[in-house]
Amino acid sequence: MSVTGSRRLLMVVASIALSLAAGSVQAQTRSETLRYVTGASVNTLDPNIPGSTREAFAVSLSTYDRLVSFGRKQLNGKWVFDLGKITGELAESYDVSPDGLKMTFRLRKDAKFQDGTPVTAEDVKWSLDRVVTAPVLGKAQLLTGSMTSADQFKVIDPLTIEVTLPKPDKLALPNLATVYPIIFNSKVAKAHATADDPWALAWLKENTAGSGAYKIESFKPGEQVIMARNAAWNRGTADKSAFFKRVIVQSVPEPATRANLVERGDADLVIDLQASDVQSLEAKGKLKVISTPQYNAVTFVSMNNQIPPFDNVNVRRAVAFALPYDDMFKAALFGRGSPLFGATWADGKPSSGAYPIPQPVKLDLEKAKEYLKAAGMPDGFSTTFSFNVGQASTAEPMAALVKESLAKIGIKVDIQKLPDAQMSTQINEKKLPFFTEGIVAWLPSTDYFYRNFYTGNQRWNYSSINNPDLVEIAQKARFEPDAAKYEEDGVKLNAIHFNEIPQIPLWQPSQDAVMAPSVEGYTYQFHRQVDYRDLNRK
Amino acid sequence: MPALGATVIRAGRRFLSSLPALFGVLVFTFLLMRVLPGDPAVFFASGPNAGKEEIEIIRKQMGLNKPVPEQLMLYLYDVGSGNLGRSMMTGQLVTKDLRERLPASLELTFTALLIALVTAVPLGVLAALRPGSIIDHGVRFFCALGVCVPTFVSGLLLIYVFYYLLGLAPDPTGRVDIFASLPPRRTGFLLIDFLFAGDFDGWWAAFRQLILPALSMALFVVAPLARITRASMLVSLGSDFVRTARSVGLPWWRVVVTYALRNAILPVITIAGIVFSTMLGANVLVEKVFSWPGVASYALDALLSSDYAPVQGFVLLMATVFVIVNLLVDILYGIADPRVTIG
């Protein structure tokens, strides 16, 4: 008895000593590890796979390189991506021909895949062919940059590749910096291709074959991804490998738990906290909070322009002047974002040709009643206001305020909360009369917004607006080389928007990145996720 | 030995007779998922440029382009050959996801049930021994409290106190510290795998992660178990055989434990079986709060995004677990009371 007792004691002592030792080893590597927690999850290692999540985009940006990437700039003291500055990633340099029809990329001579083989123009060609040919998400994206066929990509020599375009398209080059046209190690990928799956979609979903800054150490879909630094990678901004030796991307569904983790210093960075938690963490002042208005995203109250009563422009105007904007902004976002209401336009002309711009609307019930009268519905009507469960934390308080305020002008609103899949289905089928949704554009230019979100009988045209003038101007603007004329077109589009008021832009919510004070280099990226390669610890 | 053989045969027969029910559940869930509004293809084709073409690709991938009866036939054929389909959400085979996640849920539920039983049965017995006393009221109050506080509230509260304020508990994210290495997978139950690997630090770490979620789940089910124990003990204590046992001067603990409790335990086992099955499916809130990679939170996420295959797989799994648990309960009946046989 006493023998086993003392043995047990010894074991306990030994295990405590061991755990202390392990603790000190851990502490050394802890500062070189970035632990990022998120409510979402990574479901594929290839962002091209239909259904891939935004977190998956972020991971693939670290494990793969693209030909080019966006630079960064400071906007109100915060680092954001810079659409206007495109720098080489795998490309050492690039040229665009004077007529804008040819782009030539020269690859870095020292660029190697993670298996040590050099990156060649053949790999680039295979990867770009895959994006425009295989049934992947990148196809629709590259279409917006006039890249649709494998014939457009030509290998000139082992380190040079040429892209030809049917028309000079401003968005062609930026498109190559988006998430999808990543460069695969084509030899490895081809070795895993099958007759049914010539582009190795199935294999690349769970394995990587890239040249990026990080290698996948472990991947548990829906739970966590652990990445280890690729020491040979030198495509960073300062031409050196990424700072963190290890990056842990972990799914923590409960927002309160994420807030606790980062506050206690167990997690280093989180970007999807609830606005109320961000507010209180910021007030405590222990952590660094970087709030960047998502200037490529917009939240709307949308109305279906094809369904009565919202097919009547005066009804839409009435609603636009009956929303309690300030209260909604405070209740939904705690004021964290940049408002798109309450502007004054000199002589009623749009203040700029950019999109989105603040609209000259504010809460004015008298005006709203007049518009309702003009629409022939002085006593109002009944409708439903829908939002999805995933956005409930912001949309729920907002919906209550909409209901309350519209009741004052006689519009009776029923609030409808829909599961996310149901909401997207109903939007796609154009069945919802009145709802709130958000949009985002990776390449935010005025014509892109109007072409994608205001034209055609398609899902992203939330308001189902069908205005031939708007379509014509937006299509023309796409290939407009002259900046002044482009601006003029933008102003025209914005004027049509306000006149027709197909949907009501509310605000651009902030991306609140909450991080340990030691974490530096955070940059707001077009994909609204964290680019782990940007970060370091002081 | 022959008695054991007979029990096994009976149990097997019992299991076979529940197969039609499982089949019914399978078909019903399949049809229900397709009747529910919400098109998974539209939901998953949600990239910034996803249009009609992407939706069609996904629809084809999920087999939704075929008529429903054909889909059902294909699905039944697949299930028959052990394939539950692929989850769009995680991109993995549903069987793989469930195999990874079921042990996590089972480990948590077993621990919670164990804690609940170890607390509830003595509490119930104590309350029954002194009905109307301060102990009885105390137990009643405790039970009421446990039932009133929803599991996610008690979970968040426990996290707040033990992790956030006191720093005693490890961060509430999953089954093991993110920086720790996992033992080689044998059973999927971390506590067992760590023991096999001889890694006691790991065992301790996993145990520490487990204790808070298990507690918050246990709190919720202590009440029904304790109340049933108390009621059934009261009946048992008032019965003739206890009076006889007392009158022949048996020691009190023997009267209470051997005679009264053994007779009173049957309804407790029944309730424990039901509680277990319910906990396994319904502990989604605890799994969410503690980022526990279990089956319930997996199924909820799948349901919200209308991801058919995981939901169907989950329901089938739960039905199977329910059948097995009921079988176990029946066998335990036989042990607790030899007069009961399962047939």
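Start where the two chains meet: in this predicted model, the contact takes 44 residues from chain A and 44 residues from chain B. Select the side of chain A that touches chain B. Helix 14 of chain A gives the most to it, with six residues. Next, colour the elements that each supply at least two residues to this side: among them are helix 1 (2-30), helix 4 (138-143), strand 10 (246-251) and helix 8 (255-263) of chain A. Colour the residues of that side by type, and they divide into 19 nonpolar, 18 polar and seven charged.

Now show chain A by itself, as a cartoon. Its secondary structure comes to 17 helices and 20 strands. The radius of gyration of chain A is 26 Å, close to the 24 Å that the globule rule gives for 538 residues, so chain A is as compact as a globular protein of that length. Along the principal axes, the C-alpha atoms of chain A fill a box of roughly 90 × 70 × 45 Å.

Then go to the interior. Buried residues make up 49% of the 538 residues in chain A. Which residues touch the most other members of the largest nonpolar core? Select Val247(A) and Leu269(A), out of the 106 residues in that core. Helix 3 (residues 121-133) of chain A gives the most to this core, with six residues.

Stay on Val247(A) and show its contacts. Leaving out residues up to four places away in sequence, Val247(A) touches Leu34(A), Tyr36(A), Ser62(A), Tyr214(A), Met227(A) and Tyr532(A).

Last, move to chain B and select Phe43(B), Ala45(B), Leu261(B) and Ala296(B), which are included in a second, separate core of 85 residues.

Conventions: Residues are numbered from 1 along each chain as its sequence is written. Chains are lettered from A and ligands numbered from 1 in the order in which they are written. This is a predicted model: local features need pLDDT of at least 70, side-chain atom pairs count only at pLDDT 80 or more; totals for chains, interfaces and linings use all residues. Helices (H or I, at least four residues) and strands (E, at least two) are DSSP runs, numbered from the N terminus. The radius of gyration is taken over C-alpha atoms; the globule rule is 2.2 Å times the number of residues to the power 0.38. A residue is buried if 20 or more other C-beta atoms lie within 10 Å of its own, exposed if 12 or fewer, and partly exposed in between; C-beta atoms are placed from the backbone. A nonpolar core is a set of buried Ala, Val, Leu, Ile, Met, Phe, Trp, Tyr and Cys residues joined through C-beta atoms within 7 Å. Two residues are in contact if their C-beta atoms, placed from the backbone, lie within 7 Å. Ala, Val, Leu, Ile, Met, Phe, Trp, Tyr, Cys and Pro count as nonpolar, Asp, Glu, Lys and Arg as charged, and the others, Gly among them, as polar.
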